[in-house]
Amino acid sequence: MAVELAKRHVDPESGRHVVASLTQTSLRGVDSHGIHLFPHYCRAAQAGRINSGPRISVSRTGPSTAVVDADHAFGHHAGAVAMEEAITLARQNGMGAASVRNSTHFGAAAYFGLMAAERDCLGFAFTNADALVKAFGAKEAFFGTNPVCFTAPLQNEGPFCLDMATSLSSWNKVNNYRRENRSLPSHWAFDAEGNGVTDPHAARSLNPAGEYKGFGLGMMVDILCATLAGGLIGKDIKPMYALPLDDSKRRISHFFMALEISRFSEPALFRRSLQAMVDRVRVLPPLSSDRAVMVPGDPEKKNFSRRSTEGIPIDATMYAEFVALSPEFEGARTP
């Protein structure tokens, strides 16, 4: 993938973060935000919607705060710069927060949250997106899927990671169902009139998680991201897959925060205590004998272990998109 990005004159550091994020995300089983997005990213970079050679700037605005202008870079690169800055500020002052403006789709929020947790910080990552989630009580969407990500280190395994959209599903999952011509779960999406649909081709908006609660969380994320950065709110952001794919910019905003655990508690004690909490949840009596009780991030850990050995599954349609990008992908998929 890095070779294909280089062919499109993508900055090497941008390319490194795009490939790392997409690969990690697919290995964790989050296919909606993994390598499936690579063909679209290549087209967006080639069209100029994403800046292949950005000049990302970081301005420190206080002892624990910074503002990052992404210059319309790949969000994966801009987000990594911002989270690194937040971690640096947390090391110096106990906590750090970075607001990002003029960015693009940043993939999976977990990519950034895990960066903090792996360095004994609590990590927070948020982004706004184009309007895809139906406003509670309305017919149409106003905010995006606006994910919330929180991470923390554990004693005996990889970090705890909650990475969730504020909708019941992501729009990229709907796209996956469209590609496979499968019916959506009945509670996922709505048509143009705000009526529930299972036909993925008729879907125009998504159901907020927890109805008004998910809608409220999505609004909170837009405040943290867009309003704080002086960016566009979800309703005004150009749709990710809008055609024609031209050089018009989307101006997405993000927000990142890191808290250094040692300023509050001894890190080893924190990791041990959280591990004990997680382990107690996992041994709760299951509702069904064939399904274990899990905590956020457990399915992704299981997927990562399995896919690291077996590889990342990809269907024939998506494989054809990769081959259309470059014949060098020919043979990369095994039956």
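Touching, or contact, here means heavy atoms within 4.5 Å.

Before I go on, a word on what we're looking at. This is a predicted model, where local features need pLDDT of at least 70, side-chain atom pairs count only at pLDDT 80 or more, and totals for chains, interfaces and linings use all residues. Residues are numbered from 1 along each chain as its sequence is written, and side-chain values use heavy atoms, with hydrogens and water left out.

Back to Thr104. You'll find Thr104 in the loop between β3 (95-103) and α5 (110-117). When I name helices and strands, those are DSSP runs numbered from the N terminus: H or I of at least four residues for helices, E of at least two for strands. So is Thr104 buried or exposed? Thr104 counts as buried, because its relative accessibility is 4%. The cut-offs are under 20% relative accessible area for buried, over 50% for exposed, and partly exposed in between, with a 1.4 Å probe and protein chains only. A polar atom of the Thr104 side chain also lies 2.9 Å from the backbone nitrogen of Gly75.

How many of the residues of α5 are buried? Eight of its eight, so to speak a mostly covered helix. They are Ala110, Tyr111, Phe112, Gly113, Leu114, Met115, Ala116 and Ala117. And what covers them? The cover includes α2 (12-27), α4 (75-93), β4 (121-127), β7 (148-152), β8 (160-164) and β12 (252-260).

Now, empty space. Rolling a probe the size of a water molecule over the atoms shows where empty space is left. The structure holds two cavities of 30 Å³ or more. A cavity here is a set of points, on a 1 Å grid over the protein atoms alone, where a 1.4 Å probe fits but cannot get out, and lining residues have an atom within 4 Å of a point. For volume, grid points are joined across faces, edges and corners, and we take the space filled by probe spheres set on the points.

The largest cavity has a volume of about 70 Å³. Our friend Thr104 is in its lining, along with His40, Tyr41, Ala44, Arg49, Ile50, His105, Met240 and Arg250. By class, that lining has four nonpolar, three polar and two charged residues. For the classes, Ala, Val, Leu, Ile, Met, Phe, Trp, Tyr, Cys and Pro count as nonpolar, Asp, Glu, Lys and Arg as charged, and the others, Gly among them, as polar.

The second largest cavity comes in at about 30 Å³. Its lining is Val133, Phe143, Gly144, Thr166, Gly214, Phe215 and Gly218. Which element gives the largest share of that lining? Helix α7 (residues 212-229), with three residues. Here the classes are three nonpolar, four polar and no charged residues.

Next stop, helix α6 (residues 171-180), which is where Asn172 lies. Asn172 counts as buried because its relative accessibility is 8%. Its side chain makes a polar contact with the side chain of Tyr241, at 2.7 Å. A polar contact is a pair of N or O atoms within 3.5 Å; within protein, one must be able to donate a hydrogen and the other to accept it, and residues adjacent in sequence count only if both atoms are side-chain atoms. Setting aside neighbours within four places in sequence, Asn172 is in contact with Ser32, His33, Leu37, His105 and Tyr241.

On to the aromatics. Rings of Phe, Tyr and Trp (its six-membered ring) pair if their centres lie within 6.5 Å; planes under 30 degrees apart count as stacked, over 60 as edge-to-face and the rest as tilted. By this rule, the count comes to 15 aromatic pairs. One of them is Tyr177 with Trp188, an edge-to-face pair at 5.2 Å centre to centre and 70° between the planes. The pair links distant parts of the chain, 11 residues apart: Tyr177 sits in helix α6, and Trp188 in the loop between α6 and β9 (189-190). Tyr177 counts as buried, because its relative accessibility is 15%, and Trp188 does too, at 11%. There's also an aromatic cluster made of Phe106, Tyr111, Phe112 and Phe256.

Last, the outside. Pro63, in the loop between β1 (57-62) and β2 (65-69), is exposed, with a relative accessible area of 62%. Ala324, in helix α10 (residues 316-325), counts as exposed at 69% relative accessibility.

Key: On a 1 Å grid over the protein atoms alone, a cavity is a set of points where a 1.4 Å probe fits but cannot get out, and a pocket is an open set with protein on both sides within 12 Å along at least five of seven lines; lining residues have an atom within 4 Å of a point.
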